[in-house]
Amino acid sequence: MVPFQVTLIPLYDLLAGLGWINTFQGLIVPRLTNAFGIFFLRQFLLSIPRDLEDAARVDGASEWRIYWRIVMPLAVPALLTLGLFHFMYNWNDLLWPLIISQDTSRQTLPAGLALFMGQHVVEYGPLMAASVLTLLPVVVFFIIIQRRFVAGVATTGIR
């Protein structure tokens, strides 16, 4: 629940100590999860009826088997929805890639778009073309998981 900008300097110091500045793992690992994802999955998992787990226990299933055979298949729409939200959030992020990667070959496309504009003049044609190309992976990902995405949003938080 703490904004990312508050933890930016301590996180940068930690990654500098690990030697992860200007690396792909420094760009990816700190942004793997967030409080929204934890809350979203918690709400979805609370909506799964306990009767399903109890029936599996009566049938002699272990906790891991209940988790992998009952809970996880039911959670696929929520996981895909969270994956789309998280992918879109990290794909469009500008601040963290600009801070952590000084080399232009390691920067993300939105960071490249920000550097694409000139200091005194902006060429809008190439900038808009690059913006559309930057948007394509998010649109393709949504089209692939569209049906499950709607199911995940519709059933999250319903008890």
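This note goes through the helices, cores and some individual residues of a predicted model.

1. Basis of the note. Because the model is predicted, local features are taken only where pLDDT is at least 70 and side-chain atom pairs only at pLDDT 80 or more, whereas totals for chains, interfaces and linings use all residues. Residues are numbered from 1 along each chain as its sequence is written, and side-chain values use heavy atoms, with hydrogens and water left out.

2. Helix α1 and its buried side. Helix α1 covers residues 8-18, helices here being DSSP runs of H or I with at least four residues, just as strands are runs of E with at least two, numbered from the N terminus. The buried residues of α1 are L8, L11 and L15, where buried means under 20% relative accessible area, exposed over 50%, and partly exposed in between, with a 1.4 Å probe and protein chains only. They lie on the same side of α1, because the arc that they cover around the axis is only 70°; this arc is that of the directions from the helix axis to the C-beta atoms. On the face turned away from this buried side, α1 carries the exposed residues I9, P10, D13 and G17. Among what covers the buried residues of α1 are α2 (24-28) and α6 (95-100).

3. L8 counts as buried because its relative accessible area is 13%. When residues up to four places away in sequence are not counted, L8 touches L95, W96 and I99, a contact being heavy atoms within 4.5 Å. L8 and L95 are 87 residues apart along the chain, yet their C-alpha atoms are separated by 9.6 Å.

4. The kink in α5. Helix α5 (residues 63-91) spans only 36 Å between its end C-alpha atoms, while a straight helix of 29 residues would span 42 Å at 1.5 Å a residue; the expected span is 1.5 Å times one less than the number of residues. A kink of about 50° lies at V76 in α5, shortly before the proline P77, the bend being the angle between axes fitted to the seven residues ending at a residue and the seven starting there.

5. The buried residues of α5 include M72, P77, T81 and H86. T81 counts as buried because its relative accessibility is 0%, and its side chain reaches the backbone oxygen of P77 at 2.8 Å. W64, also placed in helix α5, counts as exposed at 60% relative accessibility; the C-alpha atoms of W64 and R147, 83 residues apart along the chain, are separated by 28 Å.

6. The nonpolar cores. The largest nonpolar core has nine residues in all, namely F40, F44, I48, A56, I66, V71, A75, A78 and L82; such a core is a set of buried Ala, Val, Leu, Ile, Met, Phe, Trp, Tyr and Cys residues joined through side-chain atoms within 4.5 Å. The elements that give two or more residues to this core are α3 (35-46) and α5, and the largest share, five residues, comes from α5. Apart from this core lies another, of seven residues, among them L11, L15, L27 and W96. Within the largest core, V71 touches L45, I48, E53 and I66, not counting residues up to four places away in sequence.

7. R50 in α4. R50 lies in helix α4 (residues 50-58) and is exposed, with a relative accessible area of 56%. R50 and L95 are 45 residues apart along the chain, and their C-alpha atoms are separated by 42 Å.

8. Helix α7. The buried residues of helix α7 (residues 109-116) are P110, A111 and L113. They cover an arc of only 155° around the axis, which puts them on the same side of α7.

How values were computed: Polar contact = N/O pair within 3.5 Å; in protein donor to acceptor, adjacent residues only side chain to side chain.
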